[in-house]
Amino acid sequence: MLEILIEPLQYGFMQRSLMTAILVGIICAVVGSYLMVQRLALLGESVSHSVLPGVAIAFILGVDIFLGAFIAGVISAVMIAWVRTRSPVKEDAAMGIIYSAFFSLGITLITIVQKNNKIDLLHFLFGNILGVTTRDVINTSVIAVIVVGAIALLYKELLFYTFDPEGAQASGLPINLLDFGLIILMSLTIVASLTTVGLALVVALLITPGATAYLLVKRLHQMMILGAVIGVLASISGMYLSYYFNIPSGPAIVMVAFGFFMLAFLFSPTHGVLTHPSRGPGLAQSQIWQEIRGLLATKK
Amino acid sequence: MTPISFPNRQAEGIHISELEVHYRRVLALKAINCEIRPGRVTGMIGPNGAGKSTLIKAMLGLVTPVQGKVCFQNQPLTKQLDQVAYLPQRSKIDWTYPATVWDVVMMGRVRKTGWFHRFSSVSRRLVAQALDRVGLSDYRDRAIGELSGGQQQRVFIARALTEQAHIFCFDEPFAGIDKKTESVIFDILHELAEAGHIVLVVHHDLGHSIVNFDDLILLNRELVAHGTRKEVLNAENLQYAYGDRIAFFSEAA
């Protein structure tokens with residue numbers, strides 16, 4: 001058993017990708033907790049897909065792809081806010097419009113670049129444990145320090161703002177700056193997650209561990225800490241699954257995280273489906289079943 | 001009415017002049033002029049959509065007016081938000097948020113604590129006192145989602161008390177609450193007014209509870225009437241504001 005855990009560690013790439021995965025598991029859960037309580041899971045999804053053109057442009061210009069991805073992510077979030085505030089289009093529609101456009105631009109650019117370089121789109125989409133360089137580990141570590149440090153310093157203000165934006169504004173907090181700060185932290189987190197989880201699935205690592213913890217504890221900081229533990233466990237297990245079964249690391253991590261979520265969903269002491277079977281209506285009493293029966297009865 | 005003497009040194013009111021708010025192209029509030037006096041419990045009444053919440057939000061800069069001024073001590077009120085405690089409508093809040101009663105009341109101390117600082121023991125004591133005042137000391141570690149509507153409202157009142165503010169703006173604190181909470185909140189409103197504070201409350205009920213207000217502002221996109229309760233509460237004003245005959249607690253007038 002121990003052999004199974006230790007054997008892969010002799011390879012440098014596995015050490016690097018495990019290190020990255022642990023850091024990513026922590027910051028995704030912490031930042032994702034804010035997204036979840038603000039009902040902004042879709043924003044995480046949008047920004048993660050929107051980083052792709054930044055990756056391609058950075059590749060073309062020969063600069064760090066972390067930087068390109070970060071800039072593209074922030075621009076997309078700003079554009080979503082712009083469409084939402086300057087037109088009657090609602091936020092979810094604005095996200096759908098912007099992120100599909102950015103993603104399409106990214107695919108187009110990468111396809112063009114691919115002809116002359118070896119750059120694999122699938123690696124950006126789903127993560128690749130073989131591709132984690134020492135540079136990536138350093139970048140991810142710096143991002144992790146920035147994200148965790150900023151949230152530790154601004155915790156009480158962010159708690160107030162995300163719970164009650166108007167109350168926070170009325171007390172004189174600069175809520176637009178706090179909001180923009182959260183977008184910066186989210187974009188940094190997504191960029192750090194590119195190599196191990198991939199942009200197509202990072203939203204799962206942002207939301208699922210926090211949501212799992214949300215079913216088990218009742219305060220935001222507890223949700224972040226427990227979420228981080230779950231995120232790290234999922235990341236490590238996913239990496240080993242990826243190594244032994246030769247599957248992309250992103251899907252492996254996400255499936256483990258989903259397993260944790262289902263456990264909490266079924267067995268949470270406060271919200272569990274099986275521990276509180278009386279909470280929701282059964283199939284026979286459910287409204288849609290009643291409506292179907294009503295329709296059948298009138299047909300006669 | 002005999003003149004009131006204020007224990008508090010600040011005896012100035014809030015002066016609203018020509019305040020006008022549009023939502024996109026629709027006129028929400030038309031050229032409002034009025035004064036909200038300290039030491040009085042001031043109720044803001046009017047039909048649904050009259051712009052009651054909008055007026056409070058415009059006063060505090062939560063919505064941007066197209067024109068007009070809101071001054072307190074000859075300065076714009078929006079520059080003195082540290083003097084204000086605001087209580088949003090309970091229905092605007094996500095009560096499934098992962099926070100305890102303690103966490104929410106502590107939010108009242110965020111601005112006074114300042115950036116990068118931890119909450120002081122003074123803040124903790126103020127929060128404990130406020131929870132005691134609204135009768136929720138035993139609930140401090142409860143998740144806010146487990147509370148009844150009235151208890152949730154009392155949590156918000158406690159938060160407002162911890163802000164050590166001079167101006168209190170409460171948006172519909174009496175919506176959907178129990179009798180006990182109603183009497184606790186009215187007691188606190190009277191106490192705040194007696195201490196010389198400015199107390200402004202959006203209210204939707206013209207029934208018996210209206211006697212708790214000293215002054216009234218009657219609104220329907222424009223200022224219909226303002227002054228003491230007796231001056232405002234008459235059939236003519238209410239018919240003008242509500243566009244129909246409306247029952248009100250006439251003994252209060």
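Which residue forms a salt bridge with Lys179(B)? Look for Glu182(B), whose closest N and O atoms lie 3.9 Å from those of Lys179(B). This is a predicted model, where local features need pLDDT of at least 70, side-chain atom pairs count only at pLDDT 80 or more, and totals for chains, interfaces and linings use all residues. Residues are numbered from 1 along each chain as its sequence is written, chains are lettered from A in the order in which they are written, and side-chain values use heavy atoms, without hydrogens and water.

View 1. A salt bridge here is a side-chain nitrogen of Lys or Arg within 4 Å of a carboxyl oxygen of Asp or Glu. Lys179(B) is exposed at 65% relative accessibility (buried is under 20%, exposed over 50%, partly exposed in between; 1.4 Å probe, protein chains only).

**View 2. Arg37(B) meets Asp215(B) in a salt bridge.** The N to O distance is 3.2 Å. Arg37(B) sits in the loop between E2 and E3 and Asp215(B) in strand E9, so the pair ties together parts 178 residues apart in sequence. Arg37(B) is partly exposed at 33%, while Asp215(B) is buried at 5%.

**View 3. Asp94(B) forms a salt bridge with Arg39(A).** Their closest N and O atoms are 3.5 Å apart. Both residues lie in loops of their own chains, so the pair joins two chains. Asp94(B) is buried at 17%, and Arg39(A) is exposed at 64%.

How values were computed:
Helix = DSSP H or I, 4+ residues; strand = E, 2+ residues; numbered from the N terminus.
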